[in-house]
Amino acid sequence: MTTTDTADQIRTQLGQMGQAARAAARLMARASTAAKNRALRAIATQIEAQRAQLIKANIRDMQAGRAQGLDAALLDRLELDNPRIDAMIAGLLQVADLPDPVGEIENLRYRPSGIQVGRMRVPLGVVGIIYESRPNVTIDAASLCLKSGNATILRGGSEALHSNQAIAACIVAGLRASDLPETAVQVVGTSDRAAVGALITMPEYLDVIVPRGGTGLIERVSREASVPVIKHLHGVCHVYIDDRADPKKAFDIALNAKTRRYGVCNAMETLLVAEGIAAEILPDLAAAFESRGVELRGCERTREILPRCLAVMEADWTEEYLAPILSIRVVTDMEAAMAHIARYGSGHTDAIVTEDYSRSRRFLTEVDSSSVMVNASTGFADGYEYGLGAEIGISTDKIHARGPVGLEGLTSRKWIVLGNGHIRQ
């Protein structure tokens, strides 16, 4: 079989999946909230029942990943252990308990003609999701798409192929038990990269694409897709410690923002510290970071305070490390911190630690990121923490969905008009 033949076959297969998804989307759009919730709870039951099989499948992926030389951050994202399975089940149940946005009518009002005009929330239709490493994304994506009345086609990374297929079997069983179309959630069964190229160029079947993964994947999808894309490209998150910060709060927030997990998009990659508090706070923070194996790279002023700190390079300021590496810059004040964020930030998540109310309000207003925080770790930029139940991804684009994308981000609004024989004069 030639490469061309393989690509043609994959496109044919995905076309068939797209047709099935279109048909399922029409059924899902009219599914009742009760039916969707039954499906979510049935999938949770299947995940619990198949826990041992899920772990067994994931072990195969982990072994293959180690053999392929995946780094520690990628292996962490790939692992599916009992706590993460517990989180998947909790996420399904949490989404089931969330209000259903579909069918909500907003701002229904009379016009001078006598008609009533409003806007109704409706599903997007068919959502394609392309992601890497994390098998729990399969459940997050499926649960949010189901609850928001969408059909979805999921294409996970090759490194999680066995885990994703095991999860897909649980989803299909839950849908079947709930009398919803089994093709409402379809997981692509090939690891061939041609599947990505086919999926993102099928606007006749897909209404939106959500890429979740590394820069290379998102850049490719953004460049080649003929389907609208919900995305964020980088997660260069900042914490700025103001000279009016509480030192204890600053220490705890900065340490958590970096070391809670390294391989996540909401991890702090650059620490900005006001020069008025730098000498007080940086030595203790550096010791804490170094005890956890974090490599520190600092500006000239930082290295005067922390002589063992490596010299930062210009490229570091825009780097999403996803690893135990941290860039540090001492800045004159909040103005300089905001200027740094405006120049080097990715629009994902940025935080200020300060006890000054006026400064915190200015930071919230002027920092143009999808999530802006005061006296809190960037680690909170997450669908679960925002009460979304789960998230389909993070959007840093200025479109209908920005920040963590949950149920409302997977719906659109259409105008509705109610009349009683009204005709336009």
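Helix α9 (residues 215-224) has three named residues on its buried side, Leu 217, Ile 218 and Val 221, where buried means under 20% relative accessible area, exposed over 50% and partly exposed in between, with a 1.4 Å probe and protein chains only. Seen down the axis of α9, these residues fall within an arc of 95°, so they line one face of the helix; the arc is that of the directions from the helix axis to the C-beta atoms. The face turned away from them carries the exposed Gly 216 and Arg 223. Among the elements covering the buried residues of α9 are β3 (126-131), α8 (194-199) and β6 (208-212). Helices (H or I, at least four residues) and strands (E, at least two) are DSSP runs, numbered from the N terminus.

The model is predicted, with local features needing pLDDT of at least 70 and side-chain atom pairs pLDDT 80 or more, while totals for chains, interfaces and linings use all residues. Residues are numbered from 1 along each chain as its sequence is written, and side-chain values use heavy atoms, leaving out hydrogens and water.

Elsewhere, three strands form an open antiparallel sheet in the order β1-β2-β16. Here β1 (105-110) and β16 (411-418) stand at the edges with a single partner strand each, so one side of each lacks a neighbour in the sheet. Strands β1 and β2 (residues 116-123) pair over four bridges; pairing requires at least two bridges found by DSSP. Glu 106 stands opposite Arg 119 in β2.

Also in β2 lies Val 122, which is buried at a relative accessible area of 18%. Val 122 touches Thr 411, Ser 412 and Lys 414, not counting residues up to four places away in sequence, contact meaning heavy atoms within 4.5 Å.
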